[in-house]
Structures are given as structure tokens and as C-alpha cells.
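Thanks for coming. I have one structure to go through today, and I will keep it brief. Please have a look at it first.

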Amino acid sequence: MHQEMRFCPCCATPLQWMAQQEDSGLKERLRCPSCDWTHWGNPTPVLAAVVENDQGEVLLARNALWQEGVFGLITGFMEAGESPEAGICREVLEETGLRTKALRMLGAWEFLRMNQVLIAYHVRVEGSVQLSPELVEFRWQTAQQVRCWPSGTGYALAHWVRSKGIEPQFGAFRPGQSPEPDPSKWPLQPWAEDARFMVAPPL
Ligand SMILES: [Zn+2]
């Protein structure tokens, strides 16, 4: 879970909930009463990859911390000083040993529980899989075989499946979790005037 910050990172004074005038009006946030530092709590960028080989299959991997049978995309944190594109190529290489030949963005999704924003890419790779110790198991699946799941990485996978002309099938990520996609995330809602655009979410 995302943990709340308690002390100012600049001067170590305990933070307090304080109201201040912002663009959107009076806003209460954790702020430092001593040096005026504000804890914005912006989401952390996380990168994800739908890794595809030359046979048109996608790589799914099981994290060492996950129970048996649970597979997901390759993910990792974006590091300071790198672009999202360089970051996902680095993560794919570090975690799977595969070299990215080309990539395109699939989309971005929120992960509210962890206060993260997921930036997902479709990457085409070469080489053979050498898993990092973080990952214990992998499988290649076709777009027909693969099951998507209702969270950011699962919606990214659904976009990839659909780009193959196949309607994605959804399932629970872990046993006991909901298999149902969020209606605001799936199916896609193309804009009537130009189907390359999606209808804007309500604010
Ligand atoms: Zn301070």
C-alpha cells in the first residue's frame, strides 16, 4: 500500500494538514509548517511491456512474490534521467534478457491503490529469454490463448489482443478477484467524429 509521508524531506519537521489557496481553490494538503514544503503526492510512473516475439506471441511472466498460476506483463519503475521508452527497453533487457527492436505506446492507466501511473508499450524483441531472479517462470501465448485482466496491465494487453483483430477475453488476475473489466476502461469508446480518438472521461 501507498504510505503517507510524515516528515518534511527538506528539514525533517513533522508535516501537518494545512489549507492553502491553489489554482482549484482552497486545498488541504500535508505541508511543512517550518519551510513551506508541500507534499503533492503525485503518482509514481511505472512502465509495462507487452513483449511480442517474431511468432506473434506475447511473453507473460510470474513474479517470485506471486502465487502459482499468476502471470503478468514485464513491469518496472521509471528511473531518474531516462525517457519512458529507454526505461521500458532497459526493464525488458534486465528482466528477460531480450533486446527491443521496436516499440509503440499502448496507453496509460492509473493504479490508484498504489498511487502509480502505468505507461504501457508494445515491444517487439529478439533473443532468447533469460529471466532475472525477480521472475520465476514465463510462457509465450498467442492473442487467441491469452486472458486479459481488469487492471492497467490487463487493459494494455487487451489493446494488443485487439490490434490482432481478436476480441479480448477477460479473467480474474488472481483467484477470487473480479474478472469483469471496468466499463470506463473496456470496451474502448471511440469518438464518433474520428475513431482514432477516445471519448473523454467525465470530470
Ligand atoms: Zn520543511
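This is a predicted model: local features need pLDDT of at least 70, side-chain atom pairs count only at pLDDT 80 or more; totals for chains, interfaces and linings use all residues.

Next, strand β1, residues 16-22. Is β1 largely buried or in the open? Of its seven residues, the number buried is zero, so β1 lies largely in the open. Its partner is strand β2, residues 25-31; the two run antiparallel and are joined by seven bridges. Between β1 and β2 there is a hairpin of two residues.

Now to the tyrosine, Y121. You will find Y121 in strand β8, which covers residues 116-126. Why do we call Y121 buried? The cut-off is 20 or more other C-beta atoms within 10 Å, and Y121 has 26, so Y121 counts as buried.

Which residues is Y121 in contact with, once neighbours within four places in sequence are left aside? They are A49, I88, L103, R104, M105 and L106. One further distance concerns C89: C89 and Y121 are 32 residues apart in sequence, and their C-alpha atoms are 9.6 Å apart in space.

To recap the two strands: β1 has zero buried residues out of seven, while β8 holds Y121, which is buried. That is what I had; questions are welcome.

Terms used: Residues are numbered from 1 along each chain as its sequence is written. Helices (H or I, at least four residues) and strands (E, at least two) are DSSP runs, numbered from the N terminus. A residue is buried if 20 or more other C-beta atoms lie within 10 Å of its own, exposed if 12 or fewer, and partly exposed in between; C-beta atoms are placed from the backbone. Two residues are in contact if their C-beta atoms, placed from the backbone, lie within 7 Å. Two strands pair if DSSP finds at least two bridges between them.
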